Amino acid sequence: MCGINGCTRGDQATIERMNDAIGHRGPDDRGTAVDADIALGHLRLSILDLSPRGHQPMASPSGRYLMVYNGEIYNFRSVRARLEQVGETFLSDSDTEVVLHAFERDGVECLTEFNGIFAFGLHDRIEHKLYLVRDRLGIKPLYYLRQGERLFFSSEIKPFEQIPGITLTVDQAAVADYRNGQDIVREGFYHEVVAVPPGSWVEVDLASGQFTTTSYVRLTDAIHPDRYRRMAVASEASLVQELDVLLNDVVRDQLVSDAPIGTICSGGVDSSLITAIARQYHPDLQVYNVRVGDARCDESPMRSPSPSTSASRSTRSPWIARATCNTTAIASSPKTFR
């Protein structure tokens, strides 16, 4: 969980204030860069390449692009290998640098190759454009706000409150929808703040102020009629086996890290499955659950279920039978959950 900030026609003082507002997102490093067009800020939580080579904002090899990035590209190694085959060289082991190289070579077309969760702001110093990009499902947050001819963006809304002249007004309809369990299309509770849509990029022409939003994800790309027809007549055993393979592939791909890896295991099906699969690839996986004074919210009874207990949840699913969580309880007071 890194944090990114940016403001057009920005200055050092403004971007520092924005960084200060979300300092909790990046305990390992922080950085800023100020150009004539824009100021960028970054708070780093180091996951890949823990060295200073992963410092941000980071520039592309030619210096044309300057980027602040939050997230992880799970297939960055295969993307990097492809780029190396066409002559690209790298100075770090970070996925941030891979994104920059891919964007410099392929432009926005590179987005369809990325498998991961990410949000980034990228400044084109030659074309004087800003790109705000978000992953397919919108896992990583990215908000923006316009003030006259200026634009501000951030991983959170808090930094916008640090900007002189900006007053955020509550969107009462959005609050009502949220309280009624309805989706909030704009992903926010303020009229002035907009979220970059999932699977999209926002392109801003910094000279003219022209503003366009484009989706790089289509639902039809994920629909394969032949596959669904095959599944309709497949046996339950074969479908379970296929799901087992998919789950293992996904969890394994997301365990790439230069920092220690852990899971939070509540004892439910989802977290137990992820923990059990992850432990196959990382036997020293650190696993935690939460213990509180209120027995209704206490997860510690699930910390060491026996294999027979886990298996009894579904005798048909081998991956659930493997989901035994030998976890470490975290002592916590109820006020933690306010």
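Helices (H or I, at least four residues) and strands (E, at least two) are DSSP runs, numbered from the N terminus; two strands pair if DSSP finds at least two bridges between them. The model shown is predicted: local features need pLDDT of at least 70, side-chain atom pairs count only at pLDDT 80 or more, and totals for chains, interfaces and linings use all residues. Residues are numbered from 1 along each chain as its sequence is written, and side-chain values use heavy atoms, with hydrogens and water left out.

**Figure 1. Overview and confidence of the predicted protein.** The secondary structure comes to 9 helices and 15 strands. Of the 338 residues, 44% are buried (under 20% relative accessible area; exposed is over 50% and partly exposed lies in between; 1.4 Å probe, protein chains only). Among contacts (heavy atoms within 4.5 Å) between residues at least 6 apart in sequence, 57% join residues at least 24 apart. The mean pLDDT (the predictor's confidence in each residue, from 0 to 100) is 85, and 88% of the residues reach 70 or more. Where pLDDT is low, the predicted coordinates should not be read in detail.

Figure 2. The strands pair in the antiparallel sense in the order S2-S3-S1-S9-S8-S10. Strand S2 (29–34) and strand S10 (193–195) are the edge strands, each pairing on one side only. From one strand to the next, the twist averages 15 degrees. Helix H1 (residues 12–21) packs on the sheet and touches strand S1 (3–8), S2, strand S3 (38–44) and S9; the direction of H1 makes about 155 degrees with that of S2 (axes are lines fitted to C-alpha atoms, for helices over the stretch in contact, and angles run from 0 to 180 degrees between N-to-C directions).

**Figure 3. Strand S1 and its two partners.** S1 has 6 of its 6 residues buried, so it is largely enclosed by the rest of the structure. Gly3, Asn5 and Cys7 point one way from S1, and Ile4, Gly6 and Thr8 point the other way. S1 and S3 run antiparallel and are joined by 6 bridges, with Asn5 opposite Gly41 in S3. S1 and S9 also run antiparallel, joined by 3 bridges, and here Gly6 stands opposite Phe153 in S9. Strands of a sheet pair through backbone hydrogen bonds, either parallel or antiparallel.

Figure 4. Ser155 lies in the loop between strand S9 (150–154) and helix H4 (172–179). Ser155 counts as buried because its relative accessibility is 2%. The Ser155 side chain reaches the backbone nitrogen of Ile4 at 3.0 Å, a polar contact (a pair of N or O atoms within 3.5 Å; within protein, one must be able to donate a hydrogen and the other to accept it, and residues adjacent in sequence count only if both atoms are side-chain atoms). Beyond its neighbours within four places in sequence, Ser155 is in contact with residues including Cys2, Gly3, Arg25, Asn70 and Tyr143. Tyr143 is also the bridge partner of Ser154 in S9, where strand S8 (residues 143–147) and S9 pair antiparallel over 5 bridges.

**Figure 5. Glu187, in the loop between H4 and S10.** Glu187 is found in this loop and is partly exposed, with a relative accessible area of 27%. Not counting residues up to four places away in sequence, Glu187 touches Arg134, Tyr143, Ala195 and Pro198.

Figure 6. H3 (residues 95–106) has 12 residues and reaches 16 Å from its first C-alpha to its last, close to the 16 Å expected at 1.5 Å a residue (the expected span is 1.5 Å times one less than the number of residues). H3 is mostly covered, with 9 of its 12 residues buried; among them are Glu97, Leu100, His101 and Phe103. The cover includes strand S4 (58–59), strand S5 (65–73), helix H2 (76–85), strand S6 (116–124) and strand S7 (129–134). Gly107 follows H3 and has a positive phi, near 65 degrees.

Figure 7. In S5, 8 of the 9 residues are buried, so S5 is largely enclosed by the rest of the structure. S4 and S5 pair antiparallel over 2 bridges, and Ala59 has Leu66 in S5 as its bridge partner. These two strands form a hairpin with 5 residues between them, and Gly63 in the turn has a positive phi of about 85 degrees. S5 and S6 pair antiparallel over 9 bridges, with Gly121 in S6 as the bridge partner of Val68.
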